[in-house]
Amino acid sequence: MARGIRDKVAILGMGCAKFGERWDKDADSLMLEAYEEAIADAGIETSQIDAAWLGAAFDAVNIGPSGIPLAMALRLNDIGVTKVENYCASGTESFRGAVYAVASGAADIALAMGVEKLKDTGYGGLPVRTRGTTHDMIGVTGSAPGNFAQLASAYRARHGVGADDLKRAMAHVSVKSHANGAKNPKAHLRNTITEEQALNAPMIAAPLGLFDCCGVSDGAACAIVTTPEIAKSLGKTDIVTVKALQLATSNGWELQGSGWNGAYFHTTRIAAAKAYQEAGITDPRNQISLTEVHDCFSITELVTMEDLHISREGEAWRDVLDGMFDADGKIPCQIDGGLKCFGHPIGASGLRMIYENYLQLLGRAGDRQRAEQPVFALSHNLGGMPNQNVSSIAIVGMMGA
Amino acid sequence: MSGAGIHGFGAYVPVTRLQRSAIHAFNGWFAGGLKGLAKGEKAVSGWDEDPITMAVEAARDLYADGARNADAVTLASTTHVFADRANAGVVKEALNLADTVMTMDAGGSQRCGTSSLIAALDAAAAGRTTLHLAAERTTPKPASEREMTAGDAAAAILVGPGPGLARLIAHHSVAMDFVDHFREAGEASDYDWEARWVRDEGFAKIAVPALKAALAKAGLDGGRVARLIVPVAVRGIPELLAKSAGIAPEAIADTLGAVIGHAGAAQPTLMLAHALETAKTGDILCLVGFGQGCDILLFEATGAGARPRLGVSGWLARRRESHNYGQYLFHRDLLSLEKGMRAEHDSKTALTALWRNRKAVMALVGGRCTRTGTIQFPKTDVSVNPNDHAIRTQEDYPLADVPARILTYTADALTFSPDPPSCYGNIEFEGGGRMMSEFTDIAPDALEVGTDLRMMFRIKSFDELRGFRRYFWKAAPAH
């Protein structure tokens, strides 16, 4: 395995727009909102940014093609701006571009922006779109809930978990995220819900009810990264560094091959193992302090606890019900509300997760600050669907941790 | 070998059986006179079926597990999907038949089913084997008599040299432009003239003489006929023909009106396939085709030959009762419902890509790695086998007839479907190969991991903007 980039790149500043139904804002205004916070946090000028990456997934129904929308929104200084798209993992993908640019020495300071303006479609949920000329003839596009709901059918069959037990564990995931989101002023959904509400909600794609699905939001999030040395030279003392950044992309084995049982994410298991190695983590269940995972659906969060090697296979549902991932649990998950309640402006989500982990590490998370000082904070940003996806993992921690 | 005969038969009846009482419950206030017809049930195809998909199923029923031998494929229908694209050609692709097969569509009359059968028999005399198919999916006007009597079905007869399981004795045809009803090209429904006139001037003066002439040509006495097949929905007509030709009333074949309805130009083939299921050695079968003239065909059953996978009776047993007249109307474009914005998704087909991928799309042909034996769908340049990503080693591997089972599933209420919820999931083929597939003919609460599946050729989506439809394979419950 490659040597990795542990501690080679520091986060200089981060920002995040308020997520939600931002009826009055265009994408460029959302990007500016995130950027103003990040640049102030970084304490630099726009002219000091050497390169930028823009993550957006549904560009055809919001910002349009290329890196130009970011360059124009921020009036960047004639630098190279690259737009990246990797389904819902586009946010972490833009972070990866900026981090790698700094790690390579090609840029001293780089910007990662993720944005999505989803509430201009006229209907709720993600926009319907093509998945390519040939796929549209032989594949099933379905909806996001329909694709992820299948995890539950396979999980039950694989692990012999009763439908009611699993549904209750899924409800616990959502009740917890609503409780967390209620404490987050930037969250899209700030209401608390009860287990009964989650269990009795209208069915979207069996067995996923309304509260098993995350919100679809407008929003933007931004990171400015540099080397730890430059960060110090700019006067930073508490330096958060990237411990690991890994990505795994399905090559068709799950969809077309044999062996996958449909109850887990093959890519997440691979990316997690590589990330732990890169970060020097040997016992994730006891070393990871908190996680922000891609909880597009309650069942996704549940099985991801296993794929991150935190819960044992087939037992995440028990850990969930035991409160292990609650805000006051052993390893809080979605302490900011997650995709479920912070919201899911696709291209911004990966950066939003890193933003929360960054705030938590620096003790700047306000009412939702984890009581015990975190050491390693992990974010997991997934794009696609269980049988074909992009899974990215970013682990951040204090310099020296 | 001399002469021509029937070498195989098959049928297809859609699973949904709409109760005529449900139709009348809705329309009775307006069309009270149809109360007498509000009995029994009619077979109605789903939103994803048409004469092409139904014909494919009838052909698969005929071939069962046997070799798919045919020099030609003909499809008879008065409700052809395409006015300019060989409908039989689509069926040929779905059946994965050789490109050297000749294809031809027959249409234009209720009689086209029997006329194309006669043409196939004539070709058999010249040594050619024809897969004769007939399928119908009509859109009768709501609250019409035809709505009560019509049904959807398809049937298949394999015609070839030699006697087979039923030898052709004789055929006889007359053509007269007797317009008892009509439907101009592009129109959805028929316009009918008075039934009494059709009986007295049509059946009595055209069909009866034709039947007598055919029997005379064959040198047969009417009393020899074991099965008189008169595919006419009007009560009393089969009896009229039987009596006039000296055929015993017991010989009159069940019109299947009570359980399927009248499937237009497919009804003669359907009833013939039904009669062949129970025909005994030496039985004389007399088939009547009526429409702007009359065709009469006389066969003698030999007791030999292949059996269909299910046949008419098998398909009849695969049945789901429906009282949902509204769903029927919507699926036939007779009722406009708000589909929502998700239905606006553009289903434009790249015809270039369709042609390149026609084996995969139309015949569900996957690939099998000649080095590792790995089976996959679709066939790709590089094998999916994680232990050997062999390049360009795959040979064609047809999956359409390979049993499969459910690996994962959902019933999705968010995705637009003309028949919500949209059911789909990952499936696994026996012996290897996986894909994500839509489920059809399945009740959402019947979905379970491990459920046995059988692939069926169906409409995938409609391109309403351009007047095109996509076909692909879906998974249906095997039992």
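The model is a predicted one.

In chain A, nine strands form an open sheet. Their order across the sheet is β3-β2-β4-β7-β1-β8-β11-β10-β9. The pairing is mixed. Two strands of chain A form the edges, namely β3 (80-84) and β9 (288-292). Each of these edge strands pairs on one side only. On average, neighbouring strands in the sheet are turned by 25° against each other, with direction ignored.

Inside this sheet, β1 and β8 of chain A are partners. Strand β1 covers residues 10-16, and strand β8 covers residues 240-249. They pair in the antiparallel sense, over two bridges. One residue pair can be named here: A:Ala10 has A:Thr241 of β8(A) as its bridge partner.

Helices of chain A also meet the sheet. Helix α3 (residues 90-104) packs on the sheet. Its contacts in chain A are with β1, β2 (51-55), β3, β4 (110-116), β7 (219-226), β8, β10 (376-385) and β11 (388-398). The direction of helix α3 makes about 120° with that of β8(A). Helix α10 of chain A spans residues 266-279. It lies across β8, β9, β10 and β11 of chain A. Relative to β8(A), helix α10 runs at about 150°. Along the principal axes, the C-alpha atoms of chain B fill a box of roughly 75 × 60 × 35 Å. Of the 479 residues, 58% count as buried. Chain B exposes about 19400 Å². Carbon and sulfur atoms supply 52% of that area.

Strand β15 of chain B can be followed in more detail. It spans residues 365-369. Four of its five residues are buried, so strand β15 is largely enclosed by the rest of the structure. Two strands of chain B pair with β15(B). One of them is strand β17 (residues 394-398), which pairs with β15(B) in the antiparallel sense over five bridges. Within this pairing, B:Gly367 has B:Asp396 of β17(B) as its bridge partner. Another partner is strand β16 (residues 375-376), again in the antiparallel sense, over two bridges. Here B:Arg368 stands opposite B:Ile375 of β16(B). Strands β15(B) and β16(B) form a hairpin, with five residues between them. In the turn, B:Gly373 has a positive phi of about 80°.

The two chains touch each other. Chain B gives 39 residues to the contact, and chain A gives 43 residues. Between them, the chains bury about 3200 Å². Carbon and sulfur atoms account for 58% of this buried area. On the chain B side, B:Arg342, B:Arg434 and B:Met436 lose the most area to chain A. Together these residues make up 21% of what that side buries.

Two cis peptide bonds can be described, one in each chain. In chain A, the bond from A:Ala206 to A:Pro207 is cis, with omega near 5°. A:Pro207 sits in the loop between β5 (203-206) and β6 (208-209) of chain A. In chain B, a cis peptide bond joins B:Phe377 and B:Pro378, with omega about -10°. B:Pro378 is placed in the loop between β16 and β17 of chain B.

B:Leu256 is not a glycine, yet its phi is positive, at about 65°. This residue lies in the loop between α7 (237-245) and α8 (267-278) of chain B. B:Leu256 has 1% relative accessibility, so it counts as buried. B:Asp441 is another residue other than glycine with a positive phi, near 55°. Its place is the loop between β21 (434-438) and β22 (452-463) of chain B. At 14% relative accessibility, B:Asp441 counts as buried, because the cut-off for buried is under 20%.

How values were computed: Residues numbered from 1 in each chain as written. Chains lettered and ligands numbered in written order. Predicted model: local features only at pLDDT ≥ 70, side-chain atom pairs only at ≥ 80, totals over all residues. Heavy atoms only, no water. Pairing = 2+ DSSP bridges. Axes fitted to C-alpha atoms, helices over the stretch in contact; angles between N-to-C directions. Contact = heavy atoms within 4.5 Å. Buried < 20%, exposed > 50% of the residue type's maximum accessible area, 1.4 Å probe, protein only. Areas by Shrake-Rupley, 256 points an atom, 1.4 Å probe, with all protein chains shown as cover. Buried area = accessible area lost by both parts, 1.4 Å probe.
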